[in-house]
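Here is my note on the model you sent over. Please keep the viewer open while you read, and follow the points in order.

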Amino acid sequence: MCDKPADGKCCGGGGCAAKSNGEPSPAAADDNHDGVKPSSEPIFPKELKGRKPTALRLSGPLCTWYRPTNLEQLLTLKSAHNDLKLVGGNSEVGIEMKFKDAGYRHLAAVTHVPELSKIRVTDRGIEVGAGVTLTGLQELLLQQVAKQPPHKTRGFAAAAEQLRWFAGRQIRNVGTLGGNVATASPISDLNPLWMAFGAVFRLASQGRQAREVPASKFFLGYRKVDMAPWELLLSVRIPFTGPSEFAKEFKQAPRRDDDIAIVNAGMRVSLEQQAGAEAGDQTWVVADVGIAYGGVAPKSIMAEKAMAALRGQPWCQETLDAALAALGEDVNVAPTAPGGRGEYRNSLAASFLFKFYVHVCLAMQAAHPDSFKPQLPPGYASAAAAYHRPPVRGVQFHHAVPEADDGSAEVGKDYRHMSADLQVSGQAQYTDDVPLPPNTLHAAFVTSSKPHAKLLKVDASAALRLRGVVGYYGAKDVPGSNIIGPIMLDEEVFATDKVTCVGQV
């Protein structure tokens, strides 16, 4: 609420008591939480919107955290610390440090480096900064799909569809394109697509010229990539597709939403028309092809033998059979391989190639009905059908209770939850939604760091000297009994003589 505006005008806040005409605002007349409605959101201070971030360096006993604000600062850190770990959304590094005991000594946030968030659209495709979030990437791809001719964005549409089932929205909102690439997970949903679609990774380092690496050559082994310790991934260049070029994504997981893949794949084929043996006969043959798989090896792989079986051959059933036979040499997951289910994963790889063949046949038939006539048996077309989630339905049955004069009919009746309407509409107000009054006190437990020890004393003097700390309360301050328990009163609220576990209050 405005206290005393210098010019007598409204400050713009929802609870402002000053208006340009001198009349109190309706919100100010409301005594409920100083005019703040339960459903209103606090206005973000405009002064903070224009605040220019500065570089930070935070040192601690376990690691040092850096926040550079431009690419040159980041490259300097990379050159100085070969073990520097870059952090975007912290969806991977956080797990490694918390659950895998990864002791990274130097961490750098890339969130404030504008060069990593650049997006450039050219006549050959798009170049996306490594710091762009996966949500931002998905939105960019869909924008290009809506703006460009349909044949140019077949790869973009496939990547956007793959992102639709990538983790959850919260992860996509913070996870970055570069983080997903550089992590080099063998079950990454996106890396097989970049490999198959002919994407190029651009790497930067201090004092050296930026170099480019094809995505198909970037992954060297299990979580190993063609990137030196002093280099970082700057951007990813994703090309447009040609008029007779088709691309598709595939993923099989235990469940469709928010789950890691068992096997995934990206596939692309470019067809060209060639003269046949007879006069006037035209045949569509494979001019170029890219097939990449994830979840079948310690890294994402290119199916080189299957690709060789397709190049230069007509797009027909016989060629598909030869490619499937060659694929058995590219993808041969042993029963004892990590993750198991070797036979199932091998069959998934083959089924993806079959689905891709059907998908391209139907797309070619629609694009070139006069020159391409696929010989697909009845029922094959369903293999290319897109997945559509059916509408969610639910049925609730209520029991009819006969009326009774003695009031017993009330027993067994169905009643709507009193707060149901507020909860389903999002208007329910919870404790965290209530604005804190001035001078609110916050409490924190002091817990034991020992699993079993005698409690000799608790010295709170250092804490009490801190600004804002108003008091310490222990077992001696409990006005009643310090013993509790659900049935038997055998547990102390605050430990007095000894502690029996780590975390005991």
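1. Ground rules. This is a predicted model, in which local features need pLDDT of at least 70 and side-chain atom pairs count only at pLDDT 80 or more, while totals for chains, interfaces and linings use all residues. Residues are numbered from 1 along each chain as its sequence is written, and side-chain values use heavy atoms, with hydrogens and water left out.

2. Confidence. The chain averages a pLDDT (the predictor's confidence in each residue, from 0 to 100) of 88, and 90% of the residues score at least 70. Over residues 1-9 the value is below 50, and this stretch has eleven contacts (heavy atoms within 4.5 Å) beyond near neighbours in sequence. Residues 12-36 also stay under 50, with 38 contacts beyond four places in sequence. Where pLDDT is low, the predicted coordinates should not be read in detail.

3. The five-stranded sheet. Helices (H or I, at least four residues) and strands (E, at least two) are DSSP runs numbered from the N terminus, and two strands pair if DSSP finds at least two bridges between them. Five strands make an open antiparallel sheet in the order β5-β6-β11-β7-β8. β5 (119-121) and β8 (208-214) are at the edges with a single partner strand each, so one side of each has no neighbour in the sheet. Neighbouring strands here are turned by 20° against each other on average, direction ignored; axes are lines fitted to C-alpha atoms, for helices over the stretch in contact, and angles run from 0 to 180 degrees between N-to-C directions.

4. Inside that sheet. β6 (residues 125-129) pairs with β11 (residues 232-239) over five antiparallel bridges, and Gly 129 has Ser 235 of β11 as its bridge partner. Five bridges also join β7 to β8, with Leu 203 partnered by Arg 211 in β8. β7 and β8 form a hairpin with two residues between them, and Gly 207 in the turn has a positive phi of about 75°. Helix α3 (residues 71-80) lies across β7 (200-205) and β11, at about 120° to β11.

5. The four-stranded sheet. Which strands stand at its edges? The order is β12-β13-β14-β15, again open with antiparallel pairing, and the edge strands are β12 (245-252) and β15 (301-302), each pairing on one side only. Two bridges join β14 (residues 282-294) to β15, where Tyr 293 stands opposite Ile 301. Helix α6 (residues 154-164) packs on this sheet, touching β12 and β13 (263-275), and its direction makes about 10° with that of β12.

6. The second largest pocket. A pocket is an open set of points on a 1 Å grid over the protein atoms alone, with protein on both sides within 12 Å along at least five of seven lines; a cavity is a set where a 1.4 Å probe fits but cannot get out, and lining residues have an atom within 4 Å of a point. This pocket holds about 1,200 Å³ of space. Its lining has 36 residues, with Val 446, Val 458, Tyr 472, Tyr 473 and Gly 474 nearest the centre.

7. The cavity. A search of the whole structure finds one cavity of 30 Å³ or more. Leu 310, Trp 315, Cys 316, Thr 319, Leu 320, Leu 353 and Tyr 357 line the largest cavity, and α12 (317-330) and α13 (342-367) each supply at least two residues of that lining.

Key
Grid points are joined across faces, edges and corners, and a volume is the space filled by probe spheres set on the points.
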